[in-house]
Amino acid sequence: MKLRSILRRGFRLQHPLTQILYLPTRRTLLTFAVMIGVLSATAALGQDTAASAAVPEKVQVALNTLWVILAGVLVFFMNAGFGMLETGFCRAKNAVNLLSKNLIVFALASISYWAIGFALMFGDGNGVLGSSGFFLLGADNSPATGEAYRGVYSSLSWAAVPLSAKFFFQLVFAGTAATIVSGAVAERIKFYAFFIFSLLLVGISYPITGHWIWGGGWLQQLGMWDFAGSTVVHSVGGWAALMGAALLGPRLGRFLPDGSVAAIPGHNFAIATLGCLILWLGWFGFNPGSTMAADPGAIAHIAVTTNMAAAFGGVTATVVSTLYFGKPDLSMIINGILAGLVAITASCAFVTIESAALIGAIAGTIIVFSVVTIDRLKIDDPVGAISVHLVNGVWGTLAVGLFADGPGRFYEAGAGPLKGLLWSGDFTQFGYQLVGVLAVGGFTVAFSTAVWLLLNATIGIRVSPEEEIEGLDIGEHGMEAYAGFLLREEVKGFVDLLKRMSGSGRS
């Protein structure tokens with residue numbers, strides 16, 4: 001009777017319980033209403049060129065900035081996805097270590113990218129690296145663009161947003177590159193070795209190769225295109241991960257003396273799946289946000305190509321893994337989706353929806369055989385990061401040279417790649433993409449190898465066998481993720497002990 005009375009008066013908010021339940025919902029709905037209203041206004045103002053031209057400059061800058069920050073927040077949220085994915089794919093005894101690495105890596109990226117990384121990547125300099133604007137202290141009159149721009153970050157003068165918005169959006173990309181490494185070296189790397197490596201990767205290596213492609217460097221001048229970072233972000237993280245995993249060596253028990261591969265199952269595929277969904281969501285900031293402008297047509301097209309590649313990647317990986325392993329493998333479904341997302345990242349603004357679907361389907365096929373091949377090479381990658389980010393980052397970059405639609409429908413001449421090989425018969429753009437893949441790969445491998453070897457010679461990069469067996473949570477952090485819960489190994493040991501005690505009692 002009392003509940004019925006509360007419900008009857010619910011809209012009047014007279015009951016305290018109703019107020020508690022309703023007010024957060026009201027605030028949430030109000031927030032979404034404002035967001036929808038702003039984005040709807042953006043769409044209405046940008047329906048055609050004439051309408052867009054009628055938008056006051058300050059309003060357009062405000063809309064651009066709102067979109068860039070919102071997209072950046074979505075990319076930042078991907079850190080949660082990476083943390084959950086990696087933790088779920090690995091064993092419970094290493095959960096604290098994985099969560100710690102995924103949490104601290106963005107803090108490290110923020111510091112190193114602010115101090116030197118952003119300047120090396122986007123500061124005015126030469127074709128190899130930027131040399132001005134460290135600590136964001138360079139001259140800048142953003143959001144002025146084109147010939148009106150006066151500052152030291154000329155390579156970003158096309159974006160009509162404040163400098164802080166430019167920095168924030170590029171920062172969340174830089175953090176992603178370092179996070180990729182975490183999964184491939186999981187369950188056996190020393191925490192502070194990863195700590196130092198992340199600082200150097202985001203502060204030096206990532207910005208230098210990024211400058212080549214996005215900062216006005218020699219690859220950009222050559223004609224290579226990578227819209228949102230299949231190479232700039234994902235392949236760079238993948239190359240660094242490959243060298244780290246190879247130099248660390250496999251986890252204990254991963255490869256048996258007879259040459260076979262022993263499965264080391266993850267402890268929680270529920271949170272790994274949720275991590276995948278968070279990453280899928282975040283990619284709608286990663287790719288569409290790279291427009292760095294509230295351009296409704298471009299944003300919508302990129303969102304659709306991104307989603308279709310992910311969908312076809314996941315479905316194809318499901319089918320191929322079923323044919324290869326006999327049953328659909330959830331880890332392959334997850335990585336198939338991510339492979340499709342990585343592969344479309346370079347070309348999402350330059351290809352048709354049909355081409356995006358094909359790029360994703362090929363990525364979903366590649367991921368299955370890449371994971372198997374990496375295992376056969378005796379390189380231990382607990383989460384499949386090398387196959388997802390490196391192998392499919394390379395595929396996605398080359399796909400620009402194959403599938404680019406050419407100037408006309410989606411971009412003007414000079415604002416995107418030449419028409420792809422499959423539509424033109426011309427190898428030119430494919431050649432530019434191949435040069436970029438090889439150059440960035442060569443530099444990142446050399447840099448990463450040097451840093452890993454230096455760290456190994458000084459502080460060491462691998463934990464002791466005893467720590468690895470016990471788990472990095474205890475050995476590296478002195479705590480457990482699941483304190484108070486008996487782990488499966490502990491339960492088995494307890495049962496064995498009871499059996500032995502029972503046997504001795506009978507005798």
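**Ground rules.** I number residues from 1 along each chain as its sequence is written, and for side-chain values I use heavy atoms, leaving out hydrogens and water. Because the model is predicted, local features need pLDDT of at least 70 and side-chain atom pairs count only at pLDDT 80 or more, while totals for chains, interfaces and linings use all residues.

**Confidence.** I started with pLDDT, the predictor's confidence in each residue, from 0 to 100. The protein chain averages 90, and 85% of the residues score at least 70. I looked up their contacts (heavy atoms within 4.5 Å).

**Terms for helices.** My helices are DSSP runs (H or I, at least four residues), numbered from the N terminus. Two packed helices are described by the angle between their axes and the distance between the axes. Axes are lines fitted to C-alpha atoms over the stretch in contact, with angles from 0 to 180 degrees between N-to-C directions. Under 35 degrees counts as roughly parallel, over 145 as roughly antiparallel, 65 to 115 as roughly perpendicular, and the rest as oblique. A crossing is left-handed if the near helix is turned anticlockwise from the far one by less than a right angle, and right-handed if clockwise.

**α7 and α16.** I found α7 (residues 191–214) packed on α16 (residues 428–458) at about 160°, with axes 10 Å apart. That angle makes α7 roughly antiparallel to α16. The crossing is right-handed. Among the residues that meet are F197, L200 and W212 in α7 and F443, F447 and W452 in α16. I sorted this contact by class: 16 nonpolar, four polar and no charged residues. Here Ala, Val, Leu, Ile, Met, Phe, Trp, Tyr, Cys and Pro count as nonpolar, Asp, Glu, Lys and Arg as charged, and the others, Gly among them, as polar.

**α9 and its partners.** Next I took α9 with α14, whose axes come within 8 Å and cross at roughly 140°. This makes α9 oblique to α14, and the crossing is left-handed. The contact includes H234, G238 and W239 of α9 and H389, G393 and T397 of α14. I noted seven nonpolar, nine polar and no charged residues in it.

Then I turned to α6 (residues 163–184), whose axis comes within 8 Å of that of α9 and crosses at roughly 30°. That makes α6 roughly parallel to α9, and α6 passes α9 in a right-handed crossing. Residues including F173, I180 and V181 in α6 meet others including V233, G237 and A240 in α9. By class I have nine nonpolar, four polar and no charged residues.

**Salt bridges.** How many salt bridges does the structure hold? I found seven, each a side-chain nitrogen of Lys or Arg within 4 Å of a carboxyl oxygen of Asp or Glu. In one of them, D380 and R251 meet at 2.7 Å, N to O. D380 sits in the loop between α13 and α14, R251 in the loop between α9 and α10, and the two are 129 residues apart.

Most residues other than glycine have a negative phi, and most peptide bonds are trans. I marked the bond from S142 to P143, which is cis with omega near 15°. P143 lies in the loop between α5 and α6. I also marked M292, not a glycine, with a positive phi of about 50°. M292 lies in the loop between α10 and α11.
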